[in-house]
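This briefing walks through one protein model, topic by topic. Please look over the sequence and the structure before reading on.

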Amino acid sequence: MPTVFTHPAVALGLAPFFRHRGLTRQAIALGVLCTAVADFDVLGFRFGVPYGSLLGHRGLTHSPAFALVLGVGAAALARRFGEQASPRVLASYFILCAASHGFLDAFTDGGLGVAFLSPFSNARTFFPWTPIRVSPIGLESFVRSGEAWAVLSSELVWVVLPSLAFGALGLVWSRASAGRAGR
């Protein structure tokens, strides 16, 4: 999996495409959280939940179905706390943020794969191309494995830089859209 340090880069890269539609900094912060929520499934290891089970790591919480439920729920919560962007804009942003987690994990070179069709199937898959170095699970394992630099370097190249480029494209696009609307 990419680390908790880089999953949020996706929320930041997506944000410029939604800012002109009323997305606030608070909503972006919630989007950052949505990119990381899927990995709460690692708590299952402490309770004996098998890795490959429905509720195991990269199972249900990494599926598009979960991203849909989380995104809609986050949008409802954001609206309840005063976000002015439309429910559709908020839900779209949060769903994309949440779904990005499983998709990034499917580009990693280790683990059991991602249960994209969960809860209907627990079959785990990777994408055919897996350029992202998998991170050991847990901070202690990450630091002690000697893999930290290799993992973070891989994530910089395959997650952070593309997210920054995508965000820059979003800024150009939103400014061009605002310029056309102001004519």
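Predicted model: local features only at pLDDT ≥ 70, side-chain atom pairs only at ≥ 80, totals over all residues.

Is Arg58 buried or exposed? Arg58 is buried, because its relative accessible area is 1%, and a residue counts as buried when that value is under 20%.

**The nonpolar core**

- The largest nonpolar core of the model holds 27 residues, and those with the most contacts inside it are Phe18, Leu23, Cys34, Leu90, Tyr93, Phe94 and Cys97.
- Two or more residues of this core come from each of the helices α1 (7-14), α2 (16-19), α3 (25-36), α4 (64-80) and α5 (87-105), and the largest share, nine residues, is given by α5.
- Leu23 shows how such a residue is surrounded: when its neighbours within four places in sequence are left aside, Leu23 is in contact with Ala15, Phe18, Ile28, Ala85, Leu90 and Tyr93.

- Helix α1 is largely enclosed by the rest of the structure, because seven of its eight residues are buried.
- The buried residues of α1 are His7, Pro8, Ala9, Val10, Ala11, Gly13 and Leu14.
- Ser163, which belongs to helix α7 (residues 148-181), touches Ala9, Val10 and Gly13, when residues up to four places away in sequence are not counted.
- Ser163 has a relative accessible area of 10% and is therefore buried, since the cut-off for a buried residue is under 20%.

**Helix α3 and its packing with α1**

- Helix α3 is made of 12 residues and spans 17 Å from its first C-alpha to its last, which is close to the 16 Å expected at 1.5 Å a residue.
- In α3, the residues Ala27, Ile28, Leu30, Gly31, Cys34, Thr35 and Ala36 are buried, and the buried residues of this helix pack against α1, α2, α4 and α5.
- Two packed helices are described by the angle between their axes and by the distance between those axes.
- For α1 and α3, the angle is about 145 degrees and the axes are 8 Å apart, while the crossing of the two helices is right-handed.
- Where these helices meet, α1 contributes His7, Pro8, Ala11 and Leu12, and α3 contributes Ile28, Gly31, Val32 and Thr35.
- Sorted by kind, the residues of this contact between α1 and α3 are five nonpolar, three polar and no charged.

**Backbone features in the loops**

- Most residues other than glycine have a negative phi, and most peptide bonds are trans.
- Arg58, which is placed in the loop between α3 and α4, has a positive phi, near 65 degrees, although this residue is not a glycine.
- The peptide bond that leads from Ser118 to Pro119 is cis, with an omega near 15 degrees, and Pro119 lies in the loop between α5 and α6 (139-144).

- Val69 is a residue of helix α4, and because its relative accessibility is 60%, Val69 counts as exposed, the cut-off for an exposed residue being over 50%.
- Between Val69 and Val159 there are 24 Å in space, taken from C-alpha to C-alpha, and the two residues are 90 residues apart in sequence.

Methods:
Residues numbered from 1 in each chain as written. Heavy atoms only, no water. Core = buried A, V, L, I, M, F, W, Y, C linked by side-chain atoms within 4.5 Å. Buried < 20%, exposed > 50% of the residue type's maximum accessible area, 1.4 Å probe, protein only. Helix = DSSP H or I, 4+ residues; strand = E, 2+ residues; numbered from the N terminus. Contact = heavy atoms within 4.5 Å. Axes fitted to C-alpha atoms, helices over the stretch in contact; angles between N-to-C directions. Left-handed = near helix turned anticlockwise from the far one by under 90°. Nonpolar A, V, L, I, M, F, W, Y, C, P; charged D, E, K, R; others polar. Expected span 1.5 Å × (residues − 1).
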